[in-house]
Amino acid sequence: MLFHLRFLCKIAFWLALIAIYIAAIVPQNIAPHVGTLSDKLIHSLAFSFLAFLLQLAYRVNILKTIFFLLLYGLFIEASQYFTSSRSSEVLDVVADIVGIVMGILLYQIVKFIIKKYENHI
């Protein structure tokens, strides 16, 4: 059962990675709109989700998670720099880092709760 869950998380991680990149580089007028959420909040939520899935699916250590997703965020910003309808911002990378930390913390909390629950069974 756990193997299947981890496998599904791996698929979800890679699909999210691809979807986030596509959403980040398509022209602004056809990019998906997420209501009234700010751009920085969207960055943080997306990278929080990626960090959580990466930790859950691959059990990558924290530093590797930060390094990999920070490189991914920088790759997105570099791609946007070369896209005429998008702009590259340093604050987007800061929002990505905040999201990465939030996702790692969420994973640690969930892991702690699961271990605590398992000890009571």
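These legends describe close-up views of a predicted model.

**Figure 1. Overall fold of the chain.**
The predicted chain contains 4 helices and 0 strands. The C-alpha trace spans about 55 × 30 × 25 Å along its principal axes. Of the 121 residues in the chain, 31% are buried.

**Figure 2. The salt-bridge network around lysine 40.**
The whole structure has 3 salt bridges. Asp39, Lys40, Glu89 and Asp92 are linked in a network of such contacts. Side chains of opposite charge can pair when their charged atoms come close. Lysine 40 forms a salt bridge with aspartate 39, and the closest N and O atoms of this pair are 3.0 Å apart. A salt bridge also joins lysine 40 to glutamate 89, at 2.9 Å from N to O. This second pair links distant parts of the chain, since lysine 40 is in helix H2 and glutamate 89 is in the loop between helix H3 (62-81) and H4, 49 residues apart. Aspartate 92 is another partner of lysine 40, with 2.7 Å between the closest N and O atoms.

Which of the linked residues are buried, and which are partly exposed? Aspartate 92 has a relative accessibility of 3% and therefore counts as buried. Lysine 40, at 26%, counts as partly exposed. Glutamate 89 is also in the partly exposed class, with a relative accessibility of 32%. Aspartate 39 has a value of 38% and is likewise partly exposed.

**Figure 3. The second largest pocket.**
This pocket has a volume of about 390 Å³. Its lining consists of 16 residues, and Arg6, Leu56, Arg59, Tyr107 and Lys111 lie nearest the centre. Helix H1 (2-25), helix H2 (39-58) and helix H4 (90-119) are the elements that give two or more residues to the lining. Which element gives the most to the lining of this pocket? It is H4, with 7 residues. Sorted by class, the lining has 8 nonpolar, 3 polar and 5 charged residues.

**Figure 4. Arginine 59 at the second largest pocket.**
Arginine 59 is placed in the loop between H2 and H3. Arg59 is among the lining residues nearest the centre of the second largest pocket. With a relative accessibility of 55%, arginine 59 counts as exposed, because the cut-off for that class is over 50%. Most residues other than glycine have a negative phi. Arginine 59 has a phi near 50 degrees, a positive value in a residue other than glycine.

**Figure 5. A nonpolar patch on the surface.**
Val34, Leu37, Leu41, Ile42, Leu45, Val90, Leu91, Val94, Val98 and Met102 form this nonpolar patch, and together they have about 820 Å² of accessible area. H2 and H4 are the elements that give two or more residues to the patch. The largest share, 5 residues, comes from H4.

**Figure 6. Leucine 37 in the nonpolar patch.**
Where is leucine 37 found? This residue is in the loop between H1 and H2. Leu37 is one of the residues that form the nonpolar patch on the surface. The relative accessible area of leucine 37 is 37%, so the residue counts as partly exposed.

**Figure 7. Glutamine 55 in helix H2.**
Glutamine 55 is found in helix H2. Is this residue buried or exposed? Glutamine 55 counts as buried because its relative accessibility is 1%, and the cut-off for the buried class is under 20%. Leucine 71 is 16 residues away from glutamine 55 along the chain, and the C-alpha atoms of the two residues are separated by 16 Å.

Note on methods: Residues are numbered from 1 along each chain as its sequence is written. This is a predicted model: local features need pLDDT of at least 70, side-chain atom pairs count only at pLDDT 80 or more; totals for chains, interfaces and linings use all residues. Side-chain values use heavy atoms; hydrogens and water are left out. On a 1 Å grid over the protein atoms alone, a cavity is a set of points where a 1.4 Å probe fits but cannot get out, and a pocket is an open set with protein on both sides within 12 Å along at least five of seven lines; lining residues have an atom within 4 Å of a point. Grid points are joined across faces, edges and corners, and a volume is the space filled by probe spheres set on the points. Ala, Val, Leu, Ile, Met, Phe, Trp, Tyr, Cys and Pro count as nonpolar, Asp, Glu, Lys and Arg as charged, and the others, Gly among them, as polar. Patches are made of residues with over 30% relative accessible area and no salt bridge: like charges are joined within 9 Å, nonpolar side chains (Val, Leu, Ile, Met, Phe, Trp, Tyr) within 5 Å. Accessible areas come from the Shrake-Rupley method with a 1.4 Å probe; for residues, only the protein chains shown count as cover. A salt bridge is a side-chain nitrogen of Lys or Arg within 4 Å of a carboxyl oxygen of Asp or Glu. Buried means under 20% relative accessible area, exposed over 50%, partly exposed in between (1.4 Å probe, protein chains only).
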